[in-house]
Amino acid sequence: MGDKVTRGMGLGVRSLAQGLASVPGMVTDNLIAKPLNAAADAVMGEGNGPRLQPLKQAVGNLATHAGLPQPETASERVAQDIVEGGAGAATGIGAGAALARGAGAVAQGVGGMLMEAPMLQTASGAASGAASGITRENGGGEGAQLVAALAGGMAPLAVGRKQVVLPEKAQVAAAAQQAREAGYVLPPADLSPGKTAELMSAFSGKIKTAQEASSRNQNVSNALAKRALGLEPEVNINLDTLEGLRRTAAQAYEPVATSGTVVPTDRYRLDLQKALAPFRSQAASFPNAKVPGVVADIQALNARQFDAGDALNMVRYMREAADRSYRAGENMAGKAYKMGAGALEDALEKHLSSLGESGADILKNFRDARQTIAKTYSVQGALNPQTGAVNAIKLARDLAQNKPLTGELRTIAEAGQAFPKAMQALKEAPKELSVLDITAALGAGVAGHPLAAAGVLSRPLARNALLSDLVQERAVRTAGTQKMINSDAVPAIALNAATQSAQSEQPVYSRRLDAEMAGLRQRKKVVQVPGGWAVDQR
């Protein structure tokens, strides 16, 4: 038993070394060995002079000189094919990682393709080696071996794994796509949790990664808010800026003020009743309770007709009263005042619509001004006056309360709703390394473990990698999905491709239906065998 274990380990080391040499060997053999050998043949005659061995052969000879065993039986040779195929695929993945860090867009694109689904590519390489080896051992020629290798390698890629959008995660996928298009970055573990994402997230620190994402996303939210308000990127958002925007927008109110007498409709009176509904309900249960002043102010708006200019002044008064109420913590009164102001503005819009062409431009400018002013108040409610940061979580709460947010402000709010951990309002920029990180690194260094210390200090690099464009694009593309693996089909298809390519006497089918059809043609029974189904030849 000991001899078998030792021999198996030796064969494994040989196979792994030759497999790792296969991908770089394709480069060195074609660019160096073959041209030099051809030049030697041309000068000294074919087969004469020094020869450069293919890299894989050279590694094999080195393994032999080192005393490693060579495969002797068919099973050992096929096992070597499997290990070499998987190791070669792993080498290609490493090359992809190097290319992905290249400066050129083409190099990065090729690198990203080579890095796609590393575990699946390794399985594909192993299946290709298995199919080719089985074909060879069954007497198949080089052409049959090539066909089997291609079929075996494609089997895991075709049916071994696929990304499936989970119905309950479809909304997450859509939100991630929208957030990414807006410029936000998101921790991959929050989008489509998997082993790789979880390990990387754990190493980089989930809290730190979320804080770093929030810090970057704050700049995006500020830029979107400025765009929503029509501000230039270099302009700071503060209370003075917002008040200036409101004064400018209010200039569109002047033509409205001189537009005549407003005769409100039944809808206007219904809107006023909605504003008073909570207070009337309280009065019915508590008739002796003190009536808030907002009730009298709303009731005063219930006039049969009024001047448009006076209505605008009343709108301004109602909105100022709403602000005072909110600051005092009287949210019910603040909401009622805002509803009263909205009812007046709606009545003015209907009045301008009734004026025909003369009121069309006035109405458009009035609506634009209303929207601009509403946006300034939305931003002000989410603004940190000291830093000028727009809090996405506060806008998300406004959206949850059905407050009318549109355009860029709605984008900020929806990102805050979907990914609150990555949209935090930070009091200060996150530090690259915490005190705990530095302490752990120093401790590891003093204890004589420089690699461990370097690992701790490399956590910021891991966070930057998780939030890089390459990783973000892949994470968003797979957001809300789950990898579905059909593990039974992969070996069956690879074995089927191998045995059929070698024209074996007993083909193995991955699907029972295919085997039944073959058995029907041969008038024989179908039996289950390792890897699938076969026709019983007895």
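This report describes the nonpolar core, aromatic pairs, salt bridges and one surface patch of a predicted model.

## Basis

The model is predicted, so local features need pLDDT of at least 70 and side-chain atom pairs count only at pLDDT 80 or more, while totals for chains, interfaces and linings use all residues. Residues are numbered from 1 along each chain as its sequence is written, and side-chain values use heavy atoms, with hydrogens and water left out.

## Nonpolar core

The largest nonpolar core has 36 residues. A core here is a set of buried Ala, Val, Leu, Ile, Met, Phe, Trp, Tyr and Cys residues joined through side-chain atoms within 4.5 Å. Buried means under 20% relative accessible area, exposed over 50%, and partly exposed in between (1.4 Å probe, protein chains only). Tyr268, Val294, Ile298 and Leu348 have the most contacts inside this core.

At least two core residues come from each of H11, H12, helix H13 (293-300), helix H14 (308-327), helix H15 (331-353) and H16. H15 gives the most, with nine residues. Helices (H or I, at least four residues) and strands (E, at least two) are DSSP runs, numbered from the N terminus.

## Aromatic pairs and a charge over a ring

There are two aromatic pairs. Rings of Phe, Tyr and Trp (its six-membered ring) pair if their centres lie within 6.5 Å; planes under 30 degrees apart count as stacked, over 60 as edge-to-face and the rest as tilted. Tyr253 and Phe366 are edge-to-face because their planes stand at 65°, with ring centres 5.0 Å apart. This pair links distant parts of the chain, 113 residues apart: Tyr253 is in helix H11 (residues 253-257) and Phe366 in helix H16 (residues 357-381). Tyr253 is buried at 9% relative accessible area, and Phe366 is buried at 0%.

The pair of Tyr268 and Phe306 is tilted, with 5.8 Å centre to centre and 50° between the planes. Tyr268 in helix H12 (residues 266-285) and Phe306 in strand S3 (residues 306-307) are 38 residues apart. Tyr268 is buried at 3% relative accessible area, as is Phe306 at 14%. Elsewhere, the charged end of Arg246 sits over the ring of Tyr377, 4.2 Å from its centre (the rule asks for NZ of Lys or CZ of Arg within 6 Å of the ring centre and within 35 degrees of the ring normal).

## Salt bridges

Side chains of opposite charge can pair when their charged atoms come close. The structure holds 14 salt bridges, each a side-chain nitrogen of Lys or Arg within 4 Å of a carboxyl oxygen of Asp or Glu. In the bridge between Arg370 and Asp346, the closest N and O atoms are 3.2 Å apart. Arg370 lies in helix H16 and Asp346 in helix H15, 24 residues apart. Arg370 is buried at 18% relative accessible area, whereas Asp346 is partly exposed at 30%.

Asp398 pairs with Lys403, the closest N and O atoms being 3.5 Å apart. Asp398 is buried at 14% and Lys403 is partly exposed at 33%. For Glu414 and Arg410 the corresponding distance is 3.0 Å; both lie in helix H18 (residues 407-418), four residues apart, about one turn of the helix. Glu414 is partly exposed at 24%, and Arg410 is partly exposed at 36%. Salt bridges with shared partners join Arg319, Glu345, Asp346, Glu349, Arg367 and Arg370 into one network.

## Surface patch

Ile32, Leu36 and Leu52 make a nonpolar surface patch of about 260 Å². Leu52 is in the loop between helix H1 (2-44) and helix H2 (55-65), and is partly exposed at 39% relative accessible area. Patches are made of residues with over 30% relative accessible area and no salt bridge, like charges being joined within 9 Å and nonpolar side chains (Val, Leu, Ile, Met, Phe, Trp, Tyr) within 5 Å. Accessible areas come from the Shrake-Rupley method with a 1.4 Å probe; for residues, only the protein chains shown count as cover.
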